[in-house]
Amino acid sequence: MAMQPHSKKRVCYYYDSDIGNYYYGQGHPMKPHRIRMTHNLLLNYGLYRKMEIYRPHKATAEEMTKFHSDDYIRFLRSIRPDNMSEYNKQMQRFNVGEDCPVFDGLYEFCQLSAGGSVAAAVKLNKQASDICINWGGGLHHAKKSEASASGFCYVNDIVLGILELLKYHQRVLYIDIDVHHGDGVEEAFYTTDRVMTVSFHKYGEYFPGTGDLRDIGAGKGKYYAVNIPLRDGMDDESYESIFVPIISKVMETFQPSAVVHQCGADSLTGDRLGCFNLTVRGHGKCVEFVKKYNLPFMMVGGGGYTIRNVSRAWTYETSVALGVEIANELPYNDYFEYFGPDFKLHISPSNMANQNTTEYLEKIKTRLFENLRMLPHAPGVQVQTIPEDAINEESDNEDKIDKDERLPQKDLDKRIAPDNEFSDSEDEGEGGRRDHRSYKGRKRPRLEKGNENKESGDKKHIKDELKSEKGEDKEDSKSIAESESKDTGPLP
Ligand SMILES: [Zn+2]
């Protein structure tokens with residue numbers, strides 16, 4: 001596969017200046033504010049001059065039910081903090097309430113997050129961009145119908161984005177470097193050979209409990225789910241030693257024509273919920289490596305709970321996408337005080353022990369290579385016809401932000417969360433396009449109904465069976481109650 005290390009890419013970036021105002025609630029580790037911090041930092045690095053910035057449309061219920069059940073999306077649209085008591089039963093059914101609380105504007109938040117990833121996919125499908133970035137997306141734990149909300153995620157923007165890409169791409173590769181297993185995306189595509197999901201994550205006594213090395217997909221999707229279970233303390237060197245060979249082999253055998261990269265930043269050192277020891281540079285190296293394959297590339301966010309480091313990582317990864325170097329000295333920005341005492345972009349690893357020995361990593365690699373050898377080269381059926389885009393040309397609600405409008409002050413305007421919500425104490429932790437078709441001006445008949453969707457139907461059963469086979473069902477560590485005990489500062 002062709003690799004060109006220094007090619008310049010057309011980059012589109014999706015951001016809504018309201019996103020930072022959504023607030024999960026007191027002490028909740030998930031803070032959409034980190035996306036605004038990222039935005040402000042990359043503006044002040046001048047990166048906005050090198051890419052197109054779009055305000056995502058709000059994904060409609062119709063778009064979101066391409067994956068989620070109608071019932072669930074209707075519920076998300078209806079529920080509010082002031083009418084919660086009327087929805088007890090559904091809250092239980094959909095797993096909304098604890099880790100996934102009801103908050104003001106919840107539905108809109110989901111619409112923006114999903115809207116960005118769907119728009120990014122449409123943009124890539126049109127070949128109007130090489131790389132599309134949606135730091136508001138990457139919510140990989142959300143499921144199709146029952147217990148849909150999970151791990152701070154409600155709507156799975158990634159699955160929606162991939163479904164859109166599948167209209168033009170025969171095979172899509174999904175890579176997940178969040179510290180948690182990318183269970184929602186894996187489950188959605190567990191029985192198809194058109195999406196390969198590759199997740200690197202902490203495994204063992206850790207949320208969400210799935211992602212065993214032996215979980216490899218089922219039916220037609222057998223060998224198309226790849227899980228890399230890791231122990232505490234992964235550092236840059238170990239991570240690269242497993243990421244590079246596995247992704248190289250995956251590219252060689254699966255030959256995707258588009259890639260979605262979930263850049264969850266809770267795998268960074270010092271994350272409030274994570275337990276890895278990656279630096280911003282090590283995390284970004286993954287993006288850099290994948291970018292070199294020159295495939296249509298979507299980058300989304302994900303977890304990340306020490307928010308000053310999240311914004312460092314995603315700013316750096318935006319610069320990697322653009323192929324520009326940015327200074328280690330942080331430019332002055334609206335949240336400058338967060339970045340003390342050093343005010344640098346790059347961070348140092350801690351002295352935590354790396355429990356992933358070379359032997360352990362080698363063993364995993366060998367096992368995974370054996371599985372990948374089972375893949376036929378260039379698998380899958382041909383797409384016969386191309387269904388309509390989620391966002392069509394006529395009602396193009398793309399909202400491109402004018403360069404003059406992009407002043408850093410602009411997104412300061414609407415801070416509604418209490419001021420000390422943003423205090424450091426709260427986030428302190430211990431620490432070749434051959435599948436493309438030219439379609440302009442051509443009538444596009446619909447793809448046979450459900451071709452890409454129906455595969456996700458049986459998945460739950462299969463996974464449940466696998467689970468009970470192994471006699472394990474470990475849920476764990478990411479309850480808010482637990483993480484709250486780490487909070488030190490006084491809360492409003
Ligand atoms: Zn995570």
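Mentor: Two residues are in contact if their C-beta atoms, placed from the backbone, lie within 7 Å. Keep in mind that this is a predicted model. By that contact rule, and leaving out residues up to four places away in sequence, His180 touches Gly151, His201, Phe207, Pro208, Asp266 and Gly303.

Trainee: Why is His180 called buried?

Mentor: The cut-off is 20 or more other C-beta atoms within 10 Å. His180 has 28 C-beta neighbours inside 10 Å, so His180 counts as buried.

Trainee: And what makes Asp178 buried?

Mentor: Asp178 has 25 other C-beta atoms within 10 Å, and the cut-off is 20, so Asp178 is buried. Asp178 is found in the loop between β4 and α7, and the place of His180 is in the loop between β4 and α7 as well.

Trainee: Which residues does the UniProt "binding site" annotation cover?

Mentor: That annotation, from an unreviewed entry, covers Asp178, His180 and Asp266.

Trainee: How do you know that they gather at one spot?

Mentor: They span 89 residues in sequence, yet no two of their C-alpha atoms are more than 8.1 Å apart, so they gather at one spot. Asp266 is also among the residues that Asp178 touches.

Trainee: Let's turn to helix α8. How do you know that its buried residues line one face?

Mentor: The buried residues include Tyr239, Ile242, Phe243 and Ile246. Seen down the axis of α8, the buried residues fall within an arc of 155 degrees, so they line one face of the helix. The face turned away from the buried side carries the exposed residues Glu237 and Glu252.

Methods: Residues are numbered from 1 along each chain as its sequence is written. This is a predicted model: local features need pLDDT of at least 70, side-chain atom pairs count only at pLDDT 80 or more; totals for chains, interfaces and linings use all residues. A residue is buried if 20 or more other C-beta atoms lie within 10 Å of its own, exposed if 12 or fewer, and partly exposed in between; C-beta atoms are placed from the backbone. Helices (H or I, at least four residues) and strands (E, at least two) are DSSP runs, numbered from the N terminus. The arc is that of the directions from the helix axis to the C-beta atoms. UniProt positions are given in the numbering used here, feature names are shortened, and annotations may be inferred rather than shown by experiment.
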